[in-house]
Amino acid sequence: MKYLHCILSLAIAAGLTSCSDESDSLTIDSLNTMGDEFYCNQKVKVWMCVNSSDLWHTTYTWSCDGGTLTQPQGLNEMTWKAPSVPGTYTITCTAKVGNKEQTRSHQMYVSSYFFEKFSNKSQTSFSLQNAKSSIKTDAAGNQYLQATVNSSTEPTRYIRHSFNDDELRVPFSVRAKLGFDGNMPTTRTITVGKKSANAVLEYRWNMRSDLTNENNYIGQIRLQWYPHIPTDGYPLLTDGLTAEGTNEWNVCIIVQHVSPTGVKTEVNEYHLLNSMNIFQNLAYHTVSLGMASDEILVVYVDGSEALRTDIAHRVRTDMGCRGSMFINNWEIYQLNGNGARNLPKFYLDDCYASNADDLLK
């Protein structure tokens, strides 16, 4: 009877196991991510939705063919850190309960080193200097940043993105869609309080020194341009001519050199171009500034080349600069209104940065 009881017990246990295996069920509903376009080194939440006969005992195994997974295995969610090289990568998750399992993959498109589309109304990666801002939505449902200068003493203020990457260096390029929702300045200069400034828009790269530079480096690269033809005309050069041979100018490239003793010297190159003064209220344009490994600065407007210059390379050569050019942050300078009245409503969207030789256009 003892042996018969053992046999019956084994048979019952086997039957229960068989019933349990047959009753297990698992179906993957979806593998989801926060967005469908990502930038280099971005941390992205991914998660699996399943129908399972036993969610409590369902396990998840994650893998990727690029980037890194930064959370423990076993859960239905994961954090993926994108790689430092743009491309299309695949994240895969296998869900399992009992002897049932299913696998689902999702492609992750890493488009560039960094971008900001202002799709989150509660926060932005840009900081603003003395400005008010809000995330607006246009008629097509697209979100963008609208900003106005909030200062009674300063004619211009910046919108800044800090990259916080000690390895970020040339090649480097930036691109943004920008313009005015209203009150675009129409004069040559703007005066606020006791200060005056040219009524130009500006991209500015603030650079930093590195051990390879020996404190002899390029401190800033700046692109300034009049977005329109001022009602009182373009400014005149009193010493020298533009690269096009005129004394009127509407575009200026500024390269700042910092010596080992801390002395800062600016070298200016002026241009008169008809490709950059095309802005009007509610007419937005994409402006790009880039430098490839050859140290040639290139400016694009709406995807077409507007300017090419070797000024940065010449300054580095003349000043005996060594090593690479490292980028700290990117600033976009917007304009106040004359006397801090009729404040320009600045439009900004689709901000991108790349650290590839293939410059953004």
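Strand 17 (residues 201–208) and strand 24 run antiparallel and are joined by seven bridges, where strands are DSSP runs of E of at least two residues, numbered from the N terminus, and two strands pair if DSSP finds at least two bridges between them. Within this pairing, E202 has Y333 of strand 24 as its bridge partner. The model is a predicted one, in which local features need pLDDT of at least 70 and side-chain atom pairs count only at pLDDT 80 or more, whereas totals for chains, interfaces and linings use all residues. Residues are numbered from 1 along each chain as its sequence is written, and side-chain values use heavy atoms, with hydrogens and water left out.

Strand 24 is also joined to strand 13 (residues 156–162), again by seven bridges and in the antiparallel sense, and here R160 stands opposite E331. Strand 24 itself, which spans residues 326–335, is mostly covered, with nine of its 10 residues buried; buried denotes under 20% relative accessible area, exposed over 50%, and partly exposed the range in between, as computed with a 1.4 Å probe on protein chains only.

A separate description applies to an open sheet of four strands, which has the order 2-8-7-4 and mixed pairing. Strand 4 pairs with strand 7 (residues 87–97) over six bridges in the antiparallel sense, and T61 has T94 in strand 7 as its bridge partner.

The largest nonpolar core comprises 82 residues, and those with the most contacts inside it are Y203, W205, L223, W225, M276, W330 and L348; such a core is a set of buried Ala, Val, Leu, Ile, Met, Phe, Trp, Tyr and Cys residues joined through side-chain atoms within 4.5 Å. Another core, of five residues, lies apart from it and includes A292, V298, Y300 and L359. When neighbours within four places in sequence are left aside, W225 is in contact (heavy atoms within 4.5 Å) with L178, V200, L201, E202, Y203, N250, V251, M276, F279 and V287.

The largest pocket has a volume of about 540 Å³. On a 1 Å grid over the protein atoms alone, a pocket is an open set of points where a 1.4 Å probe fits, with protein on both sides within 12 Å along at least five of seven lines, and lining residues have an atom within 4 Å of a point; the volume is the space filled by probe spheres set on the points, which are joined across faces, edges and corners. Of the 18 residues that line this pocket, Y39, Q42, F115, E116 and S119 are the closest to its centre. Two or more lining residues come from each of strand 2 (38–39), strand 3 (43–52) and strand 9 (114–116), and strand 9 provides the largest share, three residues.

Several backbone features lie in loops. V170 and P171 are joined by a cis peptide bond with omega of about 15°, and P171 is placed in the loop between strand 13 and strand 14 (172–182). E295, in the loop between strand 21 (285–291) and strand 22 (297–301), is a residue other than glycine with a positive phi, near 65°, and counts as buried at 15% relative accessibility. D302, in the loop between strand 22 and strand 23 (304–309), likewise has a positive phi, near 50°, but is partly exposed, with a relative accessible area of 42%.
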